[in-house]
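Have the model open as you read.

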There are 2 protein chains.
Amino acid sequence: MTEMTQDLSLLQPGQLIARGVCRLLASHDFCCLEEFVPKRGRRVDVMAIGPKGELWCVECKSSRADFMSDSKWQGYLEYCDRFFWAVDTDFPVEILPEDSGLILADAWGGEIVRYPEETKLAPARRKAMTLKLARDTARRLQGYRDPTAGGIL
Amino acid sequence: MTEMTQDLSLLQPGQLIARGVCRLLASHDFCCLEEFVPKRGRRVDVMAIGPKGELWCVECKSSRADFMSDSKWQGYLEYCDRFFWAVDTDFPVEILPEDSGLILADAWGGEIVRYPEETKLAPARRKAMTLKLARDTARRLQGYRDPTAGGIL
């Protein structure tokens with residue numbers, strides 16, 4: 001085990017699904033940032049950006065209760081071209097809105113089961129989100145590369 | 001020492017300067033990616049993106065010989081609004097082009113000594129570079145977070 005190996009026991013159920021979603025989307029040439037904050041008070045489980053700048057939001061739900069208690073998800077639609085739910089195979093998928101996308105995933109990977117319709121972002125919003133994604137991701141990466149810089153980042 | 005502490009002895013002289021440059025620019029609210037490839041065959045030591053999407057390139061030079069052997073730097077001008085050299089305090093700064101920016105840095109931080117004139121990128125180039133920066137950074141971050149995903153990334 002190298003120091004870079006991830007200890008999965010430290011991850012919450014939703015984070016395990018998010019890990020698999022990021023692997024899945026990487027295989028679709030989408031690059032992902034977990035726990036992206038498009039706006040204060042909102043946090044998307046996975047924000048993915050495609051080769052043409054497509055922005056996809058994925059909310060990971062580990063149980064019925066986890067889904068039922070989420071009152072914010074419709075607020076994420078305005079930050080993406082497509083919105084997906086990601087759940088594991090035990091999840092009762094019939095309770096999810098049918099016009100959302102659906103991904104089945106575990107910590108090791110997954111599959112896109114249903115694509116939602118695309119609702120293209122306005123150019124100004126896409127530009128602002130892409131910039132924020134670039135900056136937030138770079139800041140987080142620097143935190144990994146230079147953890148002792150702490151206070152500056 | 002935690003597993004996230006960086007072993008500086010593994011870094012080349014130019015990489016030590018780059019580390020300090022990233023810390024310095026973070027304090028100016030610029031987010032950095034090291035060794036960014038704007039185009040095949042070109043690699044910028046530090047690409048930084050500011051709060052308004054400003055793109056700065058920084059080339060780090062550890063010695064006169066390191067600078068004299070660089071035949072590619074003018075090719076980076078077309079990918080940024082401002083171009084800086086970053087060197088340590090032993091470097092003979094008089095050999096550097098006067099219209100470039102100048103940063104003095106070591107592994108722990110630095111200072112912007114001279115700002116270059118701004119040459120604003122065309123919007124299409126800025127858009128393409130911002131997208132590439134977001135995607136490349138996210139891919140690299142995923143490599144840190146999920147190193148065993150390897151082959152997918």
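In this predicted model, the side chain of Arg145(A) makes a polar contact with the side chain of Tyr144(B) at 3.2 Å (N or O atoms within 3.5 Å, one able to donate a hydrogen and the other to accept it; residues adjacent in sequence count only through side-chain atoms on both sides). Arg145(A) sits in helix H3 of chain A, residues 123-145 (a DSSP run of H or I, at least four residues). With a relative accessible area of 23%, Arg145(A) is partly exposed (between 20% and 50%, 1.4 Å probe, protein chains only). Beyond four places in sequence, Arg145(A) also touches Gln6(B) and Glu34(B) (heavy atoms within 4.5 Å).

Now zoom out. About 3,600 Å² is buried between chain A and chain B, 59% of it from carbon and sulfur atoms (accessible area lost on being put together, 1.4 Å probe, summed over both parts). On chain A's side, Arg135(A), Tyr144(A) and Arg145(A) lose the most area to chain B, together 20% of what that side buries.

Here are the two side-chain pairs to look up:

| Pair | Type | Distance |
|---|---|---|
| Arg145(A) and Tyr144(B) | polar contact | 3.2 Å |
| Arg23(A) and Asp146(B) | salt bridge | 2.7 Å, N to O |

There are 8 salt bridges between the chains A and B (a Lys or Arg side-chain nitrogen within 4 Å of an Asp or Glu carboxyl oxygen).

Residues are numbered from 1 along each chain as its sequence is written, and chains are lettered from A and ligands numbered from 1 in written order. Local features need pLDDT of at least 70, side-chain atom pairs 80 or more, while totals for chains, interfaces and linings use all residues; side-chain values use heavy atoms, leaving out hydrogens and water.

Definitions and conventions: Helix = DSSP H or I, 4+ residues; strand = E, 2+ residues; numbered from the N terminus. Buried area = accessible area lost by both parts, 1.4 Å probe.
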